[in-house]
Amino acid sequence: MKMTGAQILCESLVREGVEVVFGFPGGAVLPLYDTLPQYPQLRHILVRHEQGAAHAADGYARVTGKVGVCFATSGPGATNLVTGIANAHLDSIPMVAITGQVARQYIGKDGFQEVDIIGITVPITKHNSMVYKADDLAKAVKEAFHIARTGRPGPVLIDIPKDVFEEQANFNYPAQVNLTGYHPVMEADPLQLEKAAKLINEAKRPVIIAGHGVIISGAYKDLRELAEKSQIPVVNTLLGIGCFPESHVLSFGMLGMHGMAYANMAVDASDLIIAIGMRFDDRATSNVSGFARGAYVIHIDIDPAEIGKNLKVTVPVVGDAQAVLEELNKKVESQSRIDWVQQIEQWRQLYPTTRVRETEDLLPQYVIRQIYEVTEGKATIVTGVGQHQMWSAHHYWYDKPNSFVSSGGLGTMGFELPAAIGAKVGLPDDIVWAICGDGGFQMTIQELGTMVQDNIGVKIAIMNNGYLGMVRQWQELFYKGRYVATPLSNPDFIKVAEAYGIPAVRVESKMEVIPAIKTAIDTPGPFLIDFRIEPEENVYPMVAPGTNIGEIIKDPKCDDIALPGKQRL
């Protein structure tokens, strides 16, 4: 059956189960956009900037487990995707980005809007390719989706010259993929599993560090079984939030630079680390040479390149987290480690780092806690990067699996608004909050227009302190308080929202917080709240860069306690 290249692409996306595409048209992809109306099952959401398309596809993929798809044209359209592709690459998000290219006869001649997007994205994609013939399109799409979603997930880019979209070819969608040299290891080596189980059975003070790989593989039940069977405390990375219920008696929260003091102390005092689907990022380990110095390390990861990259490992276990844990659970012994668990619990009582101090000031921690209370912990929280991200990690309570969406590895300001759009499209029946900093919000503020055009009901909470807050905090603590280029002159966010047609309120006192949150939830469609928070509030605890994870800077204002910390079941 003869089809145009554009029809082959759309038909292939349908065969891969794609239901939504985030994109922005341009000259090189006009044949594709002209074809889209023939495929009403492909919902296209017009973003206001291509970076927003990539982040929205990213957010959609994180909450659904499906492959996120985005379109952009050649040249600046393609390069505008780059930040979002890099973000997906570092956080292992399955994504297929499709870019238009100048017609074949103009390639390599620096024609209008030509850029070598293949060369640019080599380091930040799992795979990329240019398709020179319409005959090859279906195979390229089949392979792209297979690579994006299998093994360690990641972004794949397909670049398509404009005249290939228009070229006629026979459509035959491959039934399967056969890629020489690409065979992700899913099942672990039995010998390594035996060694891991032996270390676990003999350990006195083991700690599980659970990362994003647990969420990606859906290993929630298996992680819980391992922890409960062996009575091992669980801490998590930032992107591991939501992989283990925070109210569980064995949960001790996030570790790392802004982790819980007791989580860091547990890791520092452990004799065995069981790292699952995490990569020992420097934000988690701080000074890697001082990380868990007295502990053996079992590292479970699907990507063999991550094993031993940042930290010397005692027992490497390569494989899918769910498959590995299922087998490991058959080999570990049931036992009690009550003394060890109680020791960490005592540290938690001594250093209750999720409490909120008593004050009449509008603290961001208080605001996040009230969002938790009003939503009963059932919302999906999407953040950008900065202080608001850490307050959201500390002060919302994540018992619901995969309910925290954030930019981890790349640390992308402006991620939150478009990623929340993607999350809401993927979870239309859920309450989705974009928790924003006032700096990051302005980086992708134009996506308010996307929300309105498609009536995407994201609730937006801006933590407005008039600063680039995390950078200011570093300037305060490590640069003698020299606030260079961090004070922000913000627009009136209420008027901005109203200009887009979004209802909005400003909150300046504690008594206004809960009514505003309830109004946002009760109002159909998007809603924005501009929280005017204490300008120079800091995020604590903190581990200074380059120091050991156990060297914790505590909140100097935390003596006066109001709201309690997170409670146990």
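In what order do the 6 strands of the open sheet lie, and is their pairing parallel or antiparallel? In this predicted model, the order is β11-β10-β9-β12-β13-β14, and the pairing is parallel. The edges of the sheet are formed by β11, residues 251-254, and β14, residues 315-318, each of which pairs on one side only. From one strand to the next, the twist averages 15 degrees. As a general point, strands of a sheet pair through backbone hydrogen bonds, in either a parallel or an antiparallel manner.

| Helix | Strands touched | Angle between directions |
|---|---|---|
| α11 (residues 220-230) | β9 (206-210), β10 and β12 (272-276) | about 170 degrees with β9 |
| α14 (residues 321-331) | β12, β13 (296-301) and β14 | about 130 degrees with β13 |

Strand β12 is thus touched by α11 and also by α14, while the edge strand β14 is among the strands that α14 touches.

Turning to the cysteines, a search of the whole structure finds 0 disulfides. C70 is in no disulfide, and the nearest cysteine sulfur, which belongs to C10, lies 15 Å away. C70 counts as buried because its relative accessibility is 0%, and C436 is likewise buried, with a relative accessible area of 0%.

Definitions and conventions: Residues are numbered from 1 along each chain as its sequence is written. This is a predicted model: local features need pLDDT of at least 70, side-chain atom pairs count only at pLDDT 80 or more; totals for chains, interfaces and linings use all residues. Side-chain values use heavy atoms; hydrogens and water are left out. A disulfide is a pair of cysteine sulfur atoms within 2.5 Å. Buried means under 20% relative accessible area, exposed over 50%, partly exposed in between (1.4 Å probe, protein chains only). Two strands pair if DSSP finds at least two bridges between them. Helices (H or I, at least four residues) and strands (E, at least two) are DSSP runs, numbered from the N terminus. Axes are lines fitted to C-alpha atoms, for helices over the stretch in contact, and angles run from 0 to 180 degrees between N-to-C directions. Contact means heavy atoms within 4.5 Å.
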